[in-house]
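Morning, everyone. I have one structure to walk through today. Please look at the screen while I talk.

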Amino acid sequence: MSVLLLQLAGPLQSWGATSRFARRSTEAAPTKSGVIGLLAAALGRERTEDISDLAALRFGVRVDQPGTLLRDFHTAHHFVTGEAAPVSERFYVADAVFVAGVEGEDALVETLRQALAAPVFLPYLGRRSCPPSRPIFLNIEKNAGLIEALQREPWHAARWHQRRRRDERSVELELLIEAEAEDGPVDSLRDQPVSFDPLNRRYRLRGVHRPPRASVINPAARPVHDPFTALGSA
Amino acid sequence: MFLTRFRFNTARLGARRLLSSPQRLHAAIMFAFAEPPSLDGGSARILWRIDRNSRAETYLYISSPDKPDLTHLVEEAGWPETGRWQTLDYEPLLSRLTKGDTWAFRLTANPVHSIRRTAEEPTKVTAHVGRQHQMNWLLQRQEKAGFVVLEKPAERHLHHELDQYELVVHDRRQLDFTKAGQRKPVTLVTVTYDGRLQVTDPDALRQALTRGLGRAKAYGCGLMTLAET
C-alpha cells in the first residue's frame, strides 16, 4: 500500500456534497467524490465508465489553510443566444489550501501519478470554473499509512498565511479521514461515489473520522530569543 | 562584564527619536557610563543591539565591562514610574562556556566585503545584500569566533542552499543618517541572524561575545547573545 498526496490550492474551490437545484453549497474541505472524479478525469475515464477501483481508495484530507466562504449570486446567460440561465446561488471556498491523500495498491497509485503528470481531462477543484493554482501532485509515501503520511507532510499554506501565524512555532491542522470500523461513531457525508453517469449519478454515505490534529512546523515563525534565560535569573 | 536589558516605551517621542538614529542612541548609551569607556582595541567594549520582538516590545541590550546607569534613557524613552532596566552579571555565563555546548544565538551585524568593479579602482567596502552572501559572511567568521553553526538534518531542509544550517537571516534594514558636522550620510545594511551554534573554542567565543563581530559596532551591530536552546 502507498499513499498519493495531492495539493489542492486555488483562488476558488467548491466541493459540493448535498446540493440540489439552484442553491449549490460547498463543504469546508474537499469531498471524496470530487477528488476521485479529478483522478478519473486525469486517467481519461468517461463519466459512464466503472470507477469502483478508484472509489475503493481510502481518502483523507488535511486543512492547511481553511480559506473563507464566498457566496456568488450567479446570473449567467447563454453565450450565443443571450438566454438567461436559472438564477442560482453558488458557494465557494476562497483562498484555501488542502492536502489530500489517497491510499491504495502501489501499482494503482503509480498509475495515478503518471496520469496527473499528463492528464487527459484537465483537473479542477470541484467545479469547472475553479482551476488549481499549484501543481496537484505532491508526493508518494511508500512506507506510511494515510494518517501518518498526512501528518508528516510539511505545511503548504501560502506564505502570507504562515506569516499571519508567525507567533506559533508549530501549527495544528485538522485531519478528515475516511472512517474504518474501529473508529466507532463518526460523522457521515454522502460523497462516496458509486457512479458518475450523468443519467444515474449515485453516491453512498461515507464515515468521516477526525483523528487528533496534525502538528506541523511553521517555517515563518518569528524566532524568540531571550538572553537572560542563560544568565540564570531575570 | 555585564549584560543589560532596557525596554523602550515606543509610544514616547523620545524613544522614537532615539530609535530613528543610531548616532543619537550610541551617544545616549555612551553617556550611561560615568567613567568614559576605554577605547583601546584589545579589551572588551560596549556593544549594543535593538531587538524588535513586536511593535510594543522593543528591547535594548547592552554588554559592557562596567555597570551602566540608564536613568536618562528611562526618563526620556522608558517608563519612569514602573519600568527600569535590568543588569545581570555576564561573567558566570562567560566562564561556563565549554567546548561542545550548544546554544541558541542572536546577532545583529553589518555584513560587508571589500570589492572593486574594475582593476584600476581602489577597493570599497560594500554591503552584502543577498541572503546567501549574508549567511556566508557569518559562516566564514564562525571558526575564528570559536563556534560552528549547527547543520540541519537533510529531511528538514526547505531549500537546498538557503536552509542547510540552523540559521535564519531576517530583519534586513538599511540605515541612513547624517552625523553632526559631516555632510556625507552614513549608510549601513544590518541584518539579524538567529540560529543554533556549537562551541568549538570557548576562549575565542568569549572574545567574540565581549568584543563583537564585524563592523559598525557603534551603530548597534556586532553584539551576539546566547540563550538556552
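Let's start with a helix in chain B. The buried residues of α2(B) are covered by several elements of chain B, including β1 (2-8), α1 (13-19), β2 (47-54), β3 (57-64), α3 (71-77) and β9 (167-178). Bear in mind that this is a predicted model.

Which residues of helix α2 are buried? The helix spans residues 22-30 of chain B, and the buried ones are Pro22(B), Leu25(B), His26(B), Ala28(B) and Ile29(B). Look down the axis of α2(B). Its buried residues fall within an arc of 165°, so they line one face of the helix.

Next, the interface. On the chain A side, 14 residues are in contact with 26 residues of chain B. About 1500 Å² is buried between the two chains. Carbon and sulfur atoms give 66% of that area. Which residues of chain A lose the most area to chain B? They are His225(A), Phe228(A) and Leu231(A), together 43% of what that side buries.

Between chain A and chain B the count is one salt bridge. Arg5(B) and Asp226(A) form it through their side chains, at 3.0 Å, N to O. The chain A residues that touch chain B divide into nine nonpolar, three polar and two charged.

Find it in strand β5 of chain B, residues 102-109. Is it buried or exposed? Arg106(B) counts as buried, because its relative accessibility is 4% and the cut-off is under 20%. A polar atom of the Arg106(B) side chain lies 3.0 Å from the backbone oxygen of Pro223(A). Arg106(B) also contacts Val224(A) and His225(A). Within its own chain, its contacts include Tyr193(B), Leu223(B) and Met224(B).

Arg106(B) belongs to a network of salt bridges too, linked with Arg49(B), Asp51(B) and Asp194(B). Take one pair from that group. Asp51(B) and Arg49(B) meet side chain to side chain at 2.7 Å, N to O. Asp51(B) is buried, with a relative accessible area of 2%. Arg49(B) is buried as well, at 0%.

Arg173(B) and Asp171(B) form a salt bridge at 3.9 Å, N to O. Here Arg173(B) is partly exposed, at 29% relative accessibility. Asp171(B) is also partly exposed, at 32%.

Asp171(B) takes us to Val191(B), because the two touch. Val191(B) sits in strand β10 of chain B, residues 185-199. It counts as buried, at 0% relative accessibility. Its other contacts include Leu107(B), Pro111(B) and Val169(B). Cys221(B) is 30 residues from Val191(B) in sequence, and their C-alpha atoms are 8.8 Å apart.

Last stop, chain A. Over all chains, the search finds 26 salt bridges. One of them joins the side chains of Arg23(A) and Glu89(A), at 3.0 Å, N to O. This pair links distant parts of the chain: Arg23(A) in strand β2, Glu89(A) in strand β5, 66 residues apart. Glu89(A) is buried, with a relative accessible area of 18%.

Strand β5 of chain A, residues 88-104, also holds Ser88(A). Ser88(A) counts as buried, at 6% relative accessibility. Its side chain makes a polar contact with the side chain of Arg90(A), at 3.0 Å. Further along the sequence, Ser88(A) is in contact with Ala22(A), Asp72(A), Phe73(A) and His74(A).

Thanks. Questions are welcome.

Notes:
Residues numbered from 1 in each chain as written. Chains lettered and ligands numbered in written order. Predicted model: local features only at pLDDT ≥ 70, side-chain atom pairs only at ≥ 80, totals over all residues. Heavy atoms only, no water. Contact = heavy atoms within 4.5 Å. Buried area = accessible area lost by both parts, 1.4 Å probe. Salt bridge = Lys/Arg side-chain N within 4 Å of Asp/Glu carboxyl O. Nonpolar A, V, L, I, M, F, W, Y, C, P; charged D, E, K, R; others polar. Helix = DSSP H or I, 4+ residues; strand = E, 2+ residues; numbered from the N terminus. Buried < 20%, exposed > 50% of the residue type's maximum accessible area, 1.4 Å probe, protein only. Polar contact = N/O pair within 3.5 Å; in protein donor to acceptor, adjacent residues only side chain to side chain. Arc of directions from axis to C-beta. Lists of a residue's contacts leave out its neighbours within four places in sequence.
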